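Me: I have a structure open and would like to go through a few spots in it with you. Could you keep the answers plain?

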Number of protein chains: 2
Amino acid sequence: MSDQNRGKIPTIHDVARIAGVGIGTVSRVINHSTGVKPATRQRVQAAIEELRYSPNLIARSMISRNTGAIGIIVPFFTRPFFIEVLQGAVAAITHMGRELVLYNVETNDQRDRYFRDLPGQRKVDGLLVISLSPDDVAASAFRQAGMPVVLVDAYHPLLTSLVVDNIEGAYQAVKCLIAHGHRRIGFINGVTEGNFRFNQANDRLIGLHRAIGEAGLLFEPELVLTAPWDRQGGKQAALQLLARADRPTAIFAASDVQAIGVLEAARSLHLSVPADLSLIGYDDIEMAEVLELSTVQQPMKRMGELGVQKLLACIGGTADGEFLPELIRLQPSLMMRHTVIHTAPNV
Amino acid sequence: MSDQNRGKIPTIHDVARIAGVGIGTVSRVINHSTGVKPATRQRVQAAIEELRYSPNLIARSMISRNTGAIGIIVPFFTRPFFIEVLQGAVAAITHMGRELVLYNVETNDQRDRYFRDLPGQRKVDGLLVISLSPDDVAASAFRQAGMPVVLVDAYHPLLTSLVVDNIEGAYQAVKCLIAHGHRRIGFINGVTEGNFRFNQANDRLIGLHRAIGEAGLLFEPELVLTAPWDRQGGKQAALQLLARADRPTAIFAASDVQAIGVLEAARSLHLSVPADLSLIGYDDIEMAEVLELSTVQQPMKRMGELGVQKLLACIGGTADGEFLPELIRLQPSLMMRHTVIHTAPNV
């Protein structure tokens with residue numbers, strides 16, 4: 001990049017000047033119109049690259065600046081955790097008189113396609129991305145395209161990110177079980193699905209290790225299982241843990257839906273919760289309250305709501321094409337209900 | 001329309017011929033380009049009207065024929081009933097390698113705007129509309145625009161519609177309670193929200209009347225309450241019913257989420273279900289199984305899945321711009337679990 005252009009957002013006029021063509025020609029190249037000679041096209045493209053010119057920034061001010069819609073990219077959106085985050089987001093979007101367009105992601109391919117294509121398409125004014133962390137290339141592309149993006153339950157240094165301290169949450173849950181005298185604690189973690197929730201699962205394991213280490217207990221790897229983030233996953237893992245001769249007296253599950261599976265496994269084995277088995281879940285979805293499940297509460301509705309508020313602030317503040325990424329840490333909290341009781345130590 | 005054009009889909013050439021202009025001029029009128037004399041514009045528009053020519057059918061084959069995306073318009077999508085219909089739809093969409101764009105509706109205004117704007121915008125190849133019945137104007141506009149639309153849990157004679165026989169479902173539920181000796185049966189119905197689910201609520205009431213009438217029982221209007229379609233609504237209505245000196249021995253709730261509220265109300269009053277109160281819900285959402293709730297099962301996943309399959313068939317079959325609307329009736333079925341027991345008659 002030549003010195004005179006450094007630090008300044010390049011315009012279509014800069015591209016035209018450097019390429020030695022008119023702005024109409026630049027526009028035709030950008031819009032893939034016919035009638036541009038290959039050599040000219042190459043010269044324009046070289047100028048675009050040299051200047052790091054982003055036609056989308058211009059396109060944005062040329063076409064309708066405001067679609068009135070917020071896009072949300074979310075994996076497996078029908079799962080309870082995502083539904084509750086989405087409830088908070090929908091409330092904030094509706095409150096602001098905006099519309100929601102939801103892009104569901106089931107595969108890595110889909111995620112990558114949305115990350116690549118949505119910023120340029122300008123169907124929405126901004127994107128809320130839930131539980132999916134863009135890589136450096138995608139994050140830079142969002143910035144480059146001038147598309148406001150806020151991450152929820154995910155992190156990238158270039159983008160405003162809302163994260164929950166899940167290490168702390170898992171630590172508190174396991175510490176609580178230890179304080180209730182439990183020594184053999186089973187842990188049902190979530191599997192990583194296309195790396196979608198890798199950190200979320202990993203953080204819970206770190207929290208478990210911290211609580212166990214702090215109490216001077218031995219980590220027993222055979223009591224740690226990974227299972228799909230659903231009822232069936234939790235149930236199967238619990239059946240495996242509870243079939244052991246030295247079965248755990250307590251189970252910590254990485255999500256409430258898995259904990260509900262643990263309740264079903266206990267019921268099928270005629271074990272009573274909490275008399276025979278203490279249980280702590282994670283998330284505090286609506287059903288946890290109905291089932292009186294003790295759990296680690298993530299502020300899900302708040303995450304969705306705050307995410308939208310931050311996004312709207314980004315959208316409002318991008319007139320100059322710049323916004324500073326923020327990192328917001330939210331704290332989980334232990335909700336004690338009726339699935340944890342004291343057990344005699346050294347059982 | 002002149003006889004020679006009857007029964008044939010008009011083309012841009014027909015419009016040009018009748019208006020006495022070239023197809024370029026027709027195109028300019030359609031695209032609101034400048035440089036067309038007012039008199040010519042009027043002649044072209046008169047020809048378009050006479051032929052009932054729909055430029056979108058043409059635009060559709062001119063622009064990218066296939067976006068690869070299916071749009072779903074759904075009210076309050078985070079409610080369990082919709083989530084389970086959406087799960088079936090997502091599975092079918094993913095299976096076909098398509099993408100889902102979800103438009104959430106919270107108000108009548110939003111619904112009307114989506115109905116009006118989405119067909120023309122061509123962001124999606126077809127629309128699945130859940131639990132929202134378009135009026136005649138909107139339904140005609142969908143047809144006119146050549147946008148394939150399938151309704152699920154809603155009906156319009158111009159559009160392929162999947163409906164569940166909720167009169168039958170409610171009839172079976174109440175008949176079952178009567179067969180178990182119940183005579184004082186409370187009914188918690190759902191409120192109509194901007195007419196979104198008017199028929200759904202009305203149909204359940206008709207089914208109740210039929211069962212009561214058939215058994216020769218007296219309809220007791222004070223045992224019928226309407227409440228919001230959520231836990232809190234069900235709980236408040238149940239508290240009201242159960243506070244009566246002559247409290248009902250059984251409750252039928254219009255949705256499982258309301259029935260869960262009834263369970264919570266009973267728990268707070270130290271009434272045991274089913275010993276003190278029999279209960280039947282409606283829908284058979286996932287939590288009904290966990291809570292062992294007897295309920296009327298709607299084939300929700302099947303509705304979503306079949307809706308998408310019918311929609312894809314419409315999309316594939318619209319090369320000639322025509323598709324015949326189908327009315328598909330699905331049957332609900334009574335799922336007996338553990339919340340209904342026999343009570344002595346004449347209690």
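Me: Which residue's side chain does Thr295(B) join in a polar contact?

Reply: This is a predicted model, and in it the side chain of Thr295(B) makes a polar contact of 2.6 Å with the side chain of Asp256(B). The side chain of Thr295(B) also reaches the backbone oxygen of Gly281(B), at 3.1 Å.

Me: And is Thr295(B) buried or exposed?

Reply: Thr295(B) is buried, because its relative accessible area is 0%, and the cut-off for calling a residue buried is under 20%. Thr295(B) belongs to strand S10 of chain B, residues 295-297, and, leaving out residues up to four places away in sequence, the residues it touches include Ile280(B), Tyr282(B), Ala288(B), Leu334(B) and Arg337(B).

Me: Switching to the two chains together, how much area do chain B and chain A bury between them?

Reply: About 2700 Å² is buried between chain B and chain A, with 56% of it on carbon and sulfur atoms. On the chain B side, Glu99(B), Arg231(B) and Val290(B) lose the most area to chain A, and together they account for 21% of what that side buries. The contact itself draws 28 residues from chain B and 28 residues from chain A.

Me: How many salt bridges cross that interface?

Reply: The rule finds eight salt bridges across the interface of chain B and chain A. One pair in a salt bridge is Glu99(A) with Arg113(B), where the closest N and O atoms are 2.6 Å apart. Counting residue pairs in polar contact, with both residues at pLDDT 80 or more, gives nine between chain B and chain A.

Me: Which element of chain B gives the most to the side touching chain A?

Reply: That is S2(B), which supplies six residues. By class, the side of chain B that touches chain A has 13 nonpolar, five polar and 10 charged residues.

Me: What does S2(B) pair with in chain A?

Reply: S2(B) is joined by three bridges to strand S2 of chain A, residues 99-105, and the two strands run antiparallel. Within that pairing, Tyr103(A) stands opposite Val101(B).

Me: Another strand now: why is S3 of chain A described as largely enclosed?

Reply: Strand S3 of chain A covers residues 126-130, and five of its five residues are buried, so the strand is largely enclosed by the rest of the structure. In a regular strand the side chains alternate between the two faces of the sheet. In S3(A) both faces are covered, with Gly126(A), Leu128(A) and Ile130(A) buried on one side and Leu127(A) and Val129(A) buried on the other.

Me: Which strands sit beside it, pairing with S3(A)?

Reply: Strand S1 of chain A, residues 69-75, is joined to S3(A) by four bridges and runs parallel to it, with Ile72(A) having Leu128(A) as its bridge partner. Strand S4 of chain A, residues 149-152, also pairs with S3(A) in the parallel sense over four bridges, and there the bridge partner of Leu127(A) is Val149(A).

Me: Last one, on Pro119(A): where is it, and what is it in contact with?

Reply: Pro119(A) is in helix H6 of chain A, residues 108-121, and it is buried, with a relative accessible area of 4%. Apart from neighbours within four places in sequence, Pro119(A) is in contact with Tyr114(A), Phe142(A), Ala145(A) and Met147(A).

How values were computed: Residues are numbered from 1 along each chain as its sequence is written. Chains are lettered from A and ligands numbered from 1 in the order in which they are written. This is a predicted model: local features need pLDDT of at least 70, side-chain atom pairs count only at pLDDT 80 or more; totals for chains, interfaces and linings use all residues. Side-chain values use heavy atoms; hydrogens and water are left out. Buried means under 20% relative accessible area, exposed over 50%, partly exposed in between (1.4 Å probe, protein chains only). Contact means heavy atoms within 4.5 Å. Buried area is the accessible area (1.4 Å probe) that two parts lose on being put together, summed over both. A salt bridge is a side-chain nitrogen of Lys or Arg within 4 Å of a carboxyl oxygen of Asp or Glu. A polar contact is a pair of N or O atoms within 3.5 Å; within protein, one must be able to donate a hydrogen and the other to accept it, and residues adjacent in sequence count only if both atoms are side-chain atoms. Ala, Val, Leu, Ile, Met, Phe, Trp, Tyr, Cys and Pro count as nonpolar, Asp, Glu, Lys and Arg as charged, and the others, Gly among them, as polar. Two strands pair if DSSP finds at least two bridges between them.
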